[in-house]
Amino acid sequence: MAASSDLVRMEGIHKSFPGVHALDDCRFELRAGEVHALCGENGAGKSTMMKVLAGIYPKDAGRILFKGQEVEIATPRAARDLGISIIHQELSLMRHLTVAQNIFIGREPRTGPLRMILDEDRINQQTRSLLERLNIRLDPRARIGDLTVASQQMVEIARALSLNTEVLIMDEPTAALTDTEINALFDIIRQLRSHGVGVVHISHRLEELKLIADRVTVMRDGRYVATVITDQAPIDRIISLMVGRTIYEATPEVPEHPSLDVVLEARHLNRGRLVRDVSFQLRRGEILGFAGLVGAGRTEVARVIFGADHLDSGEIFLNPRDCLPIGRSQALRPGARSRRRDQHRAGGI
Ligand SMILES: Nc1ncnc2c1ncn2[C@@H]1O[C@H](COP(=O)(O)OP(=O)(O)OP(=O)(O)O)[C@@H](O)[C@H]1O
Ligand SMILES: [Mg+2]
């Protein structure tokens with residue numbers, strides 16, 4: 001594509017914090033109607049690079065061109081005036097305010113004789129049409145604190161888009177979302193792309209790249225590494241660029257330890273809606289991970305193992321060779337809980 005379609009071009013960007021050269025001669029470019037992913041390991045400089053673009057951090061050196069013109073983006077306000085919006089890793093909404101109040105914060109239409117009264121009807125109406133346009137099903141009057149993280153994320157996006165955004169930067173928007181919520185978010189991103197918005201998508205979930213990103217720029221240790229077209233770059237190659245060496249085996253084989261002692265065993269654990277028929281064994285010297293999306297029940301399993309919550313049914317054995325169940329449904333075995341309490345007191349688990 002011709003260079004004239006570049007919305008943003010960042011070149012030779014340097015940024016230091018005390019003791020850290022966070023950006024060392026970095027570059028990045030974004031076209032209109034493109035989703036451009038920014039990848040790299042923790043601390044690579046992704047957020048810092050985008051905060052420079054969004055006027056949050058001043059750069060120490062380098063230049064930024066917006067639609068071919070060199071610009072100084074000294075403040076978040078200057079970025080917003082150019083149509084650059086950022087959604088941060090940490091959500092920044094006011095929990096006690098409504099969806100509409102959050103979207104219009106700082107630029108609320110006023111009514112009444114001295115124009116002192118917030119025009120709630122108008123902001124609710126404008127928010128409703130904005131949300132409809134984005135296909136987001138939310139009540140403008142709902143309080144942010146009552147919404148799920150995914151819905152809050154959608155409000156952040158709606159707020160950014162109410163500002164006539166041409167560049168939308170999303171810093172790890174999917175980190176706390178479920179699959180369904182991610183799909184809804186990606187639908188919105190695709191819609192924005194088709195309207196010519198340039199979207200920067202920062203994510204650690206590499207499997208998402210193929211779904212949403214047109215190009216990927218990789219950073220490592222505060223340096224620019226490469227920009228690749230997603231369709232032409234296998235994920236292995238992107239990982240290699242991120243870590244700086246070839247990864248032959250992204251998922252190492254799990255060694256079998258049939259001879260090692262089982263130190264903790266869970267059998268058919270059930271609790272509420274989230275823990276259903278969970279069984280596993282933990283062997284001595286082993287690190288056992290629990291993976292799953294938000295809401296999959298990982299924390300809930302950990303809580304019943306630890307004794308923070310009661311089991312509805314199932315058994316937990318510490319050193320099962322000794323056959324001592326340490327947790328069991330109270331209904332099944334009333335004595336089990338007190339034994340578990342003893343174990344805890346003795347630093348058992
Ligand atoms: N405000 C700050 N003050 C001091 N150091 C900072 C600040 N912000 C970032 N850094 C440092 O700059 C480097 C780059 O950080 P940055 O947050 O940009 O990385 P990142 O690629 O976004 O990482 P992550 O994937 O963990 O979000 C890190 O070494 C970080 O500790
Ligand atoms: Mg970051």
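Predicted model: local features only at pLDDT ≥ 70, side-chain atom pairs only at ≥ 80, totals over all residues.
Residues are numbered from 1 along each chain as written, with chains lettered from A and ligands numbered from 1 in written order. Local features need pLDDT of at least 70 and side-chain atom pairs 80 or more, while totals for chains, interfaces and linings use all residues.

Colleague: Which helix gives the most to the shell around ligand 1?

Modeller: Strand 2 (20-31) and helix 1 (46-53) each supply at least two residues. Helices are DSSP runs of H or I, at least four residues, and strands are E runs of at least two, numbered from the N terminus. The most, three residues, come from helix 1.

Colleague: How many residues does the largest nonpolar core have?

Modeller: Such a core joins buried Ala, Val, Leu, Ile, Met, Phe, Trp, Tyr and Cys residues through C-beta atoms within 7 Å. Buried means 20 or more other C-beta atoms within 10 Å of a residue's own, all placed from the backbone. L53 and I169 have the most contacts inside this core, and its size is 62 residues.

Colleague: Which residue in strand 9 is the bridge partner of I84?

Modeller: I84 and I86 lie on one side of strand 6 (residues 84-87), S85 and I87 on the other, and all are buried. Strands pair if DSSP finds at least two bridges between them. Strand 6 pairs with strand 9 (residues 167-171) in the parallel sense over four bridges. The partner of I84 is V167.

How values were computed: Buried ≥ 20, exposed ≤ 12 C-beta atoms within 10 Å, placed from the backbone.
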